[in-house]
Amino acid sequence: MNVWRRLSGPRRGLALAGAGVLVAGGLVTIPVTAAQAATQCDVAYSSNDWPGGFTASVTIKNLGDPVNGWTLGWTFPNSSQRVQQGWSAEFTQSGSQVTARSLSYNGNLATGASTSVGFNGAWSGSNPKPTSFTLNGVVCNGGTTNPTTAPPTSTPPTSTPPTSAPPTSAPPTSAPPTTTPPGQKVDNPYAGVPGYVNPEWKAKANAESGGSRISNNPTAVWLDRIAAINGTPNSSSNGAFGVRDHLDEALRQGAGYIQFVIYNLPGRDCSALASNGELGPDELPRYKAEYIDPIAAIQSDAKYRNLRIINVIEIDSLPNLVTNTSGQAGGTVMCDTVKANGAYVNGVGYALAKLGAIGNVYNYIDAGHHGWLGWDSNFGPTADILKTAAVASGSTVNNVHGFITNTANYSALREPYVKITDTVGGQTVRQAKWIDWNYYVDELSFAQAFRTKLVSVGFNSNIGMLIDTSRNGWGGSARPTGPGATTSVDTYVNGGRIDRRLHAGNWCNQSGAGLGERPRANPEPGIDAYVWVKPPGESDGSSELIDNEEGKGFDRMCDPTYGGNARNGNNPTGALPNAPISGAWFSAQFQELMRNAYPAL
């Protein structure tokens with residue numbers, strides 16, 4: 001039985017591929033010389049090494065005049081040392097010379113201000129640390145100090161961080177608010193009020209032939225980087241509107257609720273490539289101070305007290321700690337790292353505490369989907385890790401209003417012609433290759449059962465579930481109209497299943513997909529709403545490597561020519577060709593989603 005199921009979700013955000021353990025290694029401190037009048041700097045370089053590879057962290061402190069844009073340079077002592085993937089800077093390398101240039105959000109350094117960047121690298125022979133750095137062409141002179149702690153000699157622990165364990169990173173920069181603005185939480189924030197229509201998404205949909213048929217549906221606003229808080233007008237994803245702009249527009253529209261996706265954990269989406277984030281796995285303090293705190297400050301403005309603000313918390317995060325760490329097929333070092341250092345658990349806990357303290361804010365945590373967590377070996381442990389995060393960093397279960405499944409995925413809402421209790425020739429359909437011993441065949445049955453499990457581990461009995469139906473309709477001419485042939489369990493399941501993917505492990509820009517149920521409240525018992533959290537028409541990732549200035553990576557699961565891997569049973573990806581980078585508008589996909597919508601448009 002395969003229990004590794006990692007079916008990744010939202011393919012957007014700064015995608016900076018990397019997997020490494022970012023812990024204290026050798027530390028190089030570069031003080032300033034007295035002759036440097038305008039630009040003066042202090043640089044700390046630390047690394048963790050393993051045979052053939054390493055992860056490095058570089059902290060730059062400006063000791064001179066304020067800097068508006070910076071370029072850090074150094075020379076590797078060994079010509080074999082190479083930068084492979086980086087975060088929080090644009091890295092280039094020529095020979096042994098490395099250059100790291102600031103990004104839009106960290107280019108301004110006031111006197112005394114610091115910023116940190118990091119990268120994964122490779123080496124052969126030896127991996128000596130650089131001892132000379134330049135900032136904007138000015139040399140910072142200094143020397144090397146020996147490591148204060150030895151690099152780990154074994155794989156980081158894979159056990160779930162206990163709920164009572166203190167955070168392994170710096171404490172929060174500010175305590176969760178002790179007072180809340182006016183606002184009274186309701187049982188279901190989606191019920192009885194209109195949802196916010198993002199004008200930036202609506203404009204793209206209206207520009208498409210036939211797009212006006214769906215452009216008035218509410219979709220979520222993705223906050224996939226720090227810069228998105230204030231708006232990113234030159235970005236392929238996000239847009240010029242920041243958080244406050246969207247909230248003001250929601251008031252102007254007379255909307256009753258607005259949806260935000262909180263999506264910027266340190267070491268984000270640790271088992272994928274197209275959606276890694278801007279923060280390294282050790283940057284939990286920055287996540288708190290520069291990301292969660294500013295969002296909470298805006299959302300807590302009393303101006304918005306009568307607006308129901310719904311936060312979808314960290315897609316594809318906590319389930320990775322169950323399914324994609326050491327001992328699992330496809331486990332990654334990055335997932336081991338964020339599990340061991342508590343970045344995900346403590347980051348989610350802090351976000352819940354900070355945002356949940358606001359009287360009119362509703363938090364829904366991402367809970368994967370049936371094709372990822374439907375095996376009993378994943379089902380219960382995931383509920384447990386969600387509970388662990390819900391009571392971490394000063395949070396309580398009262399800060400969790402519910403959970404969301406199928407975000408940015410394609411799992412069918414219902415499978416009318418295949419039931420998990422069916423048998424063919426005396427064999428249970430769970431033996432079919434598609435189902436692969438899973439206990440669920442569709443998203444509705446999974447979400448309702450998972451809700452019951454979550455209540456049993458300590459969540460409040462009135463929690464509600466959301467199901468993302470933005471791309472799981474599977475209509476069109478390929479949609480089955482009855483059960484498959486009873487020749488075998490495989491012919492029965494494959495002939496009758498609504499979900500037409502080549503494998504349930506395929507997640508990127510799926511060919512043949514269609515819009516699902518339109519957003520609406522209270523569609524089924526235990527389900528607060530069907531939602532479109534993943535805005536239809538936004539790419540999951542590029543089908544080939546595309547150079548870009550947004551840090552977006554390339555995942556072979558988005559390549560239609562790729563033959564697959566262990567995570568998808570070595571099946572073709574089923575991805576659409578000619579896809580742009582994650583989050584960018586993908587017209588061909590948008591048109592296909594409308595053609596295959598079910599219910600039909």
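**The disulfides**

Modeller: Cys270 has 4% relative accessibility, so Cys270 counts as buried. This is a predicted model. Cys335 is buried as well, because its relative accessibility is 0%. Cys270 and Cys335 form a disulfide, with 2.0 Å between their sulfur atoms. The torsion about their S-S bond is about 95 degrees, so this disulfide is right-handed. Cys270 lies in the loop between β15 (257-262) and α3 (284-299), and Cys335 lies in helix α5 (residues 333-340), so the pair ties together parts that are 65 residues apart in sequence.

A search of the whole structure finds three disulfides. One of them pairs Cys41 with Cys140, with the sulfur atoms 1.4 Å apart. The cut-off for a disulfide is sulfur atoms within 2.5 Å. This pair links distant parts of the chain. Cys41 belongs to strand β2 (residues 41-50) and Cys140 to strand β12 (residues 138-140), and they are 99 residues apart. Cys41 counts as buried because its relative accessibility is 0%. Cys140 is at 1% relative accessibility, so Cys140 counts as buried too.

Another disulfide joins Cys508 to Cys558, at 2.1 Å from S to S. Its torsion about the S-S bond is 100 degrees, and the link is right-handed. Here loops are joined: Cys508 is in the loop between α10 (489-496) and β22 (520-524), Cys558 in the loop between β23 (527-531) and α11 (587-595). The pair therefore ties together parts that are 50 residues apart in sequence. Both Cys508 and Cys558 are buried.

Count the bonded cysteines along the chain, and the disulfides follow the pattern 1-2, 3-4, 5-6.

One helix pair also deserves a note. Helix α8 (residues 376-390) packs with helix α9 (residues 443-456) at an angle of about 55 degrees, and their axes are 10 Å apart. That angle makes α8 oblique to α9. The crossing of α8 and α9 is right-handed. On the α8 side, the contact is made by Phe379, Gly380, Thr382, Ala383 and Leu386. On the α9 side, Phe446, Ala449, Phe450, Lys453 and Leu454 take part. By class, the contact residues of α8 and α9 are seven nonpolar, two polar and one charged.

Methods:
Residues numbered from 1 in each chain as written. Predicted model: local features only at pLDDT ≥ 70, side-chain atom pairs only at ≥ 80, totals over all residues. Heavy atoms only, no water. Helix = DSSP H or I, 4+ residues; strand = E, 2+ residues; numbered from the N terminus. Buried < 20%, exposed > 50% of the residue type's maximum accessible area, 1.4 Å probe, protein only. Axes fitted to C-alpha atoms, helices over the stretch in contact; angles between N-to-C directions. Parallel < 35°, antiparallel > 145°, perpendicular 65-115°, else oblique. Left-handed = near helix turned anticlockwise from the far one by under 90°. Contact = heavy atoms within 4.5 Å. Nonpolar A, V, L, I, M, F, W, Y, C, P; charged D, E, K, R; others polar.
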